[in-house]
Amino acid sequence: MQLINSHILSFLVFMPLVMAGVVLFAPSVAVARWVAMGAAVVGFLGGLHVWYWFDGSSAALQFVESYEWIPSLGVKYIVGIDGLSLLLVVLTTFLMPLVFLSQWHVEDSRQKVFIALLLALESGMIGALAAMDMVFFYVFWEAMLIPMYFIIGVWGGKRRIYAATKFVLYTVLGSLLMLAAAVLLYFAHFRQTGVYSTSLLDLYSVKLPLSSQMWMFGAFAVAFAIKVPMWPFHTWLPDAHVEAPTAGSVILAGVLLKMGTYGLLRFAIPIFPEAMVAAAPLFIFCGVVGIIYGALTAWVQKDAKKMVAYSSVSHLGFVVIGSFAVMAGGELSVEALTGATYQMINHGISTGALFFLVGVIYERRHTRLLSDFGGLAENMPWFAVMLIVATLSSVGLPGTGGFVGEFLILNGVFQAKPIAAICASLGVLLGAVYMLTLCRKILFGPLDNPENKELKDLNAREFGYLVPLAILAIVMGVFPNAFINKTRPSIEHLAKNYKNYSLDYRMGYDMTDKSAN
Amino acid sequence: MLWVMLLAPLVGAFLNGLVLRKAPKLVSHMIAVGAMAIAFAAALSMYLGMMHDGGEPKTYLAFEWLDAGGFHAPFKYIVDRLSGLMMLVVTGIGMLIHIYAGGYMHEETSTYRFFAYLNLFVFMMLQLVMGDNLMVMFVGWEGVGLCSYLLIGYWFHDDKNAAAGMKAFLVNRIGDIGFLLAIFLTYKHFGTVSFTELRTLIGEGTLDAVKMAAVGWITLCLFIGATGKSAQLPLYIWLPDAMAGPTPVSALIHAATMVTAGIYMMTRLNFMFYLAPNTMHVVAVVGGLTAFFAATIAIVQSDIKKVLAYSTVSQLGYMVMACGVGAFDAGVFHLFTHACFKALMFLGAGSVIVAMHHEQDMFKMGGLRKYMPITHFVFLIGVLAIIGMPPFAGFFSKDEILWKAFIGGGPLLWGIGAITAGCTSFYMVRLLCLTFYGEHRGAHGNAHGDAKAHDKGHDKGHSDDHGHGHTPHETGVGMWGPLVVLAAMSATVGFLGVPHVLGGSNIFEEYLRPVILIPEAAKEHWEFLEATYSHSLEMGLMAASVVIMIIASGAAIVLYGRGPKPILTSWKNSCSGIYNTLSNKYFVDEFYFANIVQPVRDMAEFLWAFVDVKVIDGAVNGVGELSRFIAGTVSFKMTGSIHRHAMVMAIGLVCLLSVLVFN
């Protein structure tokens with residue numbers, strides 16, 4: 001057990017990449033599929049292992065593995081997770097097998113490459129979540145782009161080149177700003193301590209004057225805001241989603257976007273606390289605008305996928321305002337922050353499911369226009385059940401995960417900025433407006449289009465990847481404490497101490513004795 | 001026992017909805033009714049147990065639900081006199097309606113869906129009434145809204161039904177935002193959302209000025225929630241459309257239980273409302289106006305379910321008005337009697353509709369007394385109860401409200417209530433006459449059924465229905481049985497609330513007294529509730545309302561007793577302005593659509609087509625084009641590799657920054 005715990009994160013990071021290489025040289029697509037599925041399932045078991053052994057009573061970084069890499073520059077290899085990243089890591093490993101299952105039937109000569117790219121992407125995502133060294137984080141952050149670029153650019157729809165280029169250029173623009181600020185931070189740390197270090201644990205201790213904080217916070221924040229995407233940096237998202245194949249959309253919405261909000265919590269807030277407090281009103285404003293704007297624009301979309309894409313803009317607006325709810329006493333609202341981390345996961349589940357579901361009807365009809373559908377509840381009743389469950393979670397009905405996230409965020413923001421919360425709560429209504437419109441246009445009304453009459457209900461494979469999501473959406477609504485309890489100390493630590501942030505760490509080989517906690 | 005009661009409907013919904021979708025209709029009906037019977041038996045035994053112990057409140061913790069920061073919301077339930085009464089109403093009347101629904105739905109396919117939703121609704125409604133904190137109540141509050149949405153849109157093939165369901169959900173959500181804000185405010189100022197703790201903090205403690213003001217806002221926000229769920233002005237518009245659902249749904253959800261949630265919630269938190277006299281004024285006025293407006297609309301409706309729908313809105317207005325003048329017990333009493341007689345009338349109307357092959361226009365009915373003697377008899381009792389004929393249930397409960405409105409709100413509020421009572425008598429007797437008396441005006445008996453009726457009703461399962469004769473006929477015992485039970489209750493439950501002035505002891509008021517708590521700070525303001533009044537005044541008002549009832553009923557009998565009098569047509573023509581306003585429901589829907597929905601939609605189109613595509617994305621693409629242009633002019637060849645460019649840029653930036661930092 002000690003051996004596993006001390007290397008589990010490195011295993012989760014690099015195993016998929018190695019398997020991606022294996023897949024490329026697999027003798028056939030069928031073998032490639034099985035290898036990839038095996039890797040994803042093992043990854044998920046690894047995720048569960050981390051979940052089980054993770055000590056929910058501690059705010060420390062856990063499962064830490066650390067080696068010197070370039071001592072002269074202070075670059076280390078450090079991986080570790082705490083309550084901010086735990087759920088996202090598990091979510092990522094959970095989604096991957098479902099994604100591979102959704103791809104199982106695809107017959108395409110380039111399918112091996114596609115599968116390999118997805119595995120490489122998993123490495124990039126878990127790497128970015130687990131890396132606690134600036135250099136490694138940046139490498140993984142950028143590395144995520146490459147597979148996604150090809151997934152959209154090669155397997156996408158008609159305007160795939162435009163969408164892929166826009167996605168990459170936009171993100172790279174933000175990343176470069178972040179890189180520049182990170183380099184500045186690195187030197188600032190050197191000047192204050194006389195030691196070169198790129199370890200995040202060291203960089204947290206850097207004290208900067210407000211003026212330089214503002215610039216560097218701005219650089220980091222723009223990078224993350226683009227990724228979220230926060231209004232008004234969001235226009236790459238609908239294009240990317242619409243053009244991306246289903247698997248790409250699910251991962252993009254499920255995990256990649258969360259890298260932005262995760263980055264805000266991991267980097268922007270604790271490293272530049274005073275700048276964050278100064279900028280919080282702006283972020284709350286953009287978040288609230290995003291909530292309402294995203295919902296309204298989603299409402300008028302004619303393409304189901306674009307509608308879901310804009311709904312992401314709205315939902316992630318909630319996460320943004322939840323991350324910036326500075327209370328009167330200067331602390332962040334624990335409720336809002338809990339809600340923000342919860343909403344990240346929940347959005348991954350519900351929006352992931354929605355993209356899968358749109359994929360299901362797209363594969364059957366090769367159209368996503370709402371006007372081409374109607375009355376599908378008649379001949380696809382199970383599809384209807386799944387779509388309604390995903391919708392309910394998306395609109396935040398109590399009993400689904402969406403409610404927990406939205407409620408905690410709004411409640412926390414209300415304690416800090418009541419007016420903002422009141423405006424944001426309009427999103428609760430508008431969310432229902434567009435999602436119920438989507439349901440009504442697809443599921444209800446007369447089944448009068450002859451092409452729709454022939455459609456078959458979900459098959460076993462589709463059940464296989466939709467049912468886990470539906471169950472999880474409800475479990476997250478009924479038993480939220482099971483998830484929140486794991487993350488509570490980390491979130492309270494960040495909310496209360498972000499101005500003098502530091503992280504303790506527990507090495508992986510110390511993680512075995514649960515009773516010692 | 002509590003767990004049995006709560007879980008039985010959920011299990012029923014689960015079995016019907018997810019497991020046994022291919023089961024025969026009878027099986028799904030039996031599962032649903034069985035679940036309700038178990039729940040009712042459990043509720044009854046729990047209720048008797050509670051009353052045996054003196055009716056003291058007891059709380060039960062299921063499990064911890066949601067803890068974040070200082071926020072604490074467990075799945076905790078309370079059994080006391082108020083929730084005890086509600087659970088009996090929900091499971092008892094719910095069970096009768098479930099039994100009835102088997103007959104009503106027997107021509108339908110996929111009834112598993114119907115019964116699953118219906119069971120799920122009962123589960124959610126029980127969350128609403130049994131919850132011991134605002135959060136569990138809110139789970140039920142939105143949960144019943146979901147079931148309402150699903151059931152209104154049950155016949156989803158008709159887009160109109162889907163639209164009606166959506167409208168109900170969305171309008172309710174407006175109210176739900178009020179409810180949410182109330183939770184936030186409560187948490188902010190009192191640090192808890194538990195009813196039990198709030199009752200101690202607010203009802204028995206003393207509050208400073210800030211907290212008093214907070215209570216004012218909290219109650220106002222809660223009342224916004226109530227206007228949504230209980231269909232009050234200005235959010236009542238969803239309820240009439242909700243009649244698109246199957247009639248048992250209208251009886252259960254849109255008459256007897258869900259729509260009374262607002263009254264229940266206000267009564268549950270009466271100690272807060274007593275502290276907020278301003279909110280209470282709003283409540284009383286909104287309730288009174290709703291009662292009046294809805295009653296006037298009901299007078300000219302021709303769809304039997306629409307009349308009942310507006311009648312429900314109007315009666316809910318009464319209950320809300322009662323809460324507004326501090327007479328929560330009277331409100332709940334009317335809730336209880338109304339649940340009996342309105343469920344009865346909706347189910348009766350459902351039997352009529354089935355007998356008429358889904359014709360709902362009363363002007364095409366008439367004379368059904370002959371064909372449906374049992375339904376006629378029970379319906380008659382329902383009408384007598386609602387119009388307030390002594391000694392039927394409605395007489396006592398309505399008169400109690402009118403009396404409290406007089407002493408609490410003054411003659412004007414009483415006047416509104418009394419006129420409403422007159423309207424109620426008129427439209428109810430009109431409905432009774434048009435449906436059951438006079439000559440039969442239906443097209444039945446002609447060649448092959450009535451094509452129009454098929455079109456107007458929903459479209460499934462009836463067009464191939466040859467088994468029935470073309471003349472209306474009495475329903476089976478599965479349908480009239482529950483009606484008889486409800487009729488017996490409508491006739492008798494009023495005696496629980498015989499006022500002192502008539503020599504009774506108002507058992508009901510005494511029963512609820514422990515639930516009602518007027519905080520010290522508000523005692524003075526509400527002392528009129530306990531004051532003594534001259535008996536002659538109370539008797540006089542009572543007599544006046546009976547006289548109004550008799551005159552209005554008489555007028556309806558004269559005009560509609562033997563079918564609609566021809567003179568009505570000429571009145572309709574000469575007063576077409578008023579008539580059109582009333583029959584179009586004061587054009588409220590049109591107003592909302594033109595002034596709220598359409599502008600928002602236009603704005604959304606503008607945001608999308610102009611702001612998003614042209615301005616924001618235009619800027620993004622513009623930057624891209626610009627850099628390409630610059631690159632072209634300095635003949636920096638596009639090699640096609642984004643990453644190479646990015647790398648070059650990155651190295652450049654780092655160099656630049658290094659220089660800056662080291663200087």
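Modeller: Two residues are in contact if their C-beta atoms, placed from the backbone, lie within 7 Å. The model is predicted.

Colleague: How many residues of chain A are in contact with chain B?

Modeller: Contacts are counted on both sides. Chain B gives 46 residues. The number for chain A is 49.

Colleague: Which elements of chain A give two or more residues to that side?

Modeller: They are helices of chain A.

Colleague: How many helices does chain A have?

Modeller: Its secondary structure includes three strands. The helices come to 21.

Colleague: Why is chain A called as compact as a globular protein of its length?

Modeller: Take the globule rule for 517 residues, which gives 24 Å. The C-alpha trace spans about 75 × 60 × 45 Å along its principal axes.

Colleague: What share of the residues of chain A count as buried?

Modeller: A residue is buried if 20 or more other C-beta atoms lie within 10 Å of its own. Of the 517 residues of chain A, the share is 64%.

Colleague: In which order do the three strands form their sheet?

Modeller: β2 (75–81) and β3 (505–507) of chain A each pair on one side only. The sheet is open and its pairing is mixed. The order is β2-β1-β3.

Colleague: Do β1(A) and β2(A) run parallel or antiparallel?

Modeller: The two strands form a hairpin with four residues between them. Gly74(A) in the turn has a positive phi of about 75°. Tyr67(A) has Tyr77(A) as its bridge partner in β2(A). Six bridges join the strands, and they run antiparallel.

Colleague: Which residue of β3(A) stands opposite Leu61(A)?

Modeller: β3(A) pairs with β1(A) over two bridges. This pairing is parallel. The residue opposite Leu61(A) is Tyr505(A).

Colleague: At what angle does helix α1 of chain A run to β1(A)?

Modeller: Helix α1 covers residues 2–24. It lies across β1, β2 and β3 of chain A. Its angle to β1(A) is about 70°.

Conventions. Residues numbered from 1 in each chain as written. Chains lettered and ligands numbered in written order. Predicted model: local features only at pLDDT ≥ 70, side-chain atom pairs only at ≥ 80, totals over all residues. Rg over C-alpha atoms; globule rule 2.2 N^0.38 Å. Buried ≥ 20, exposed ≤ 12 C-beta atoms within 10 Å, placed from the backbone. Pairing = 2+ DSSP bridges. Axes fitted to C-alpha atoms, helices over the stretch in contact; angles between N-to-C directions.
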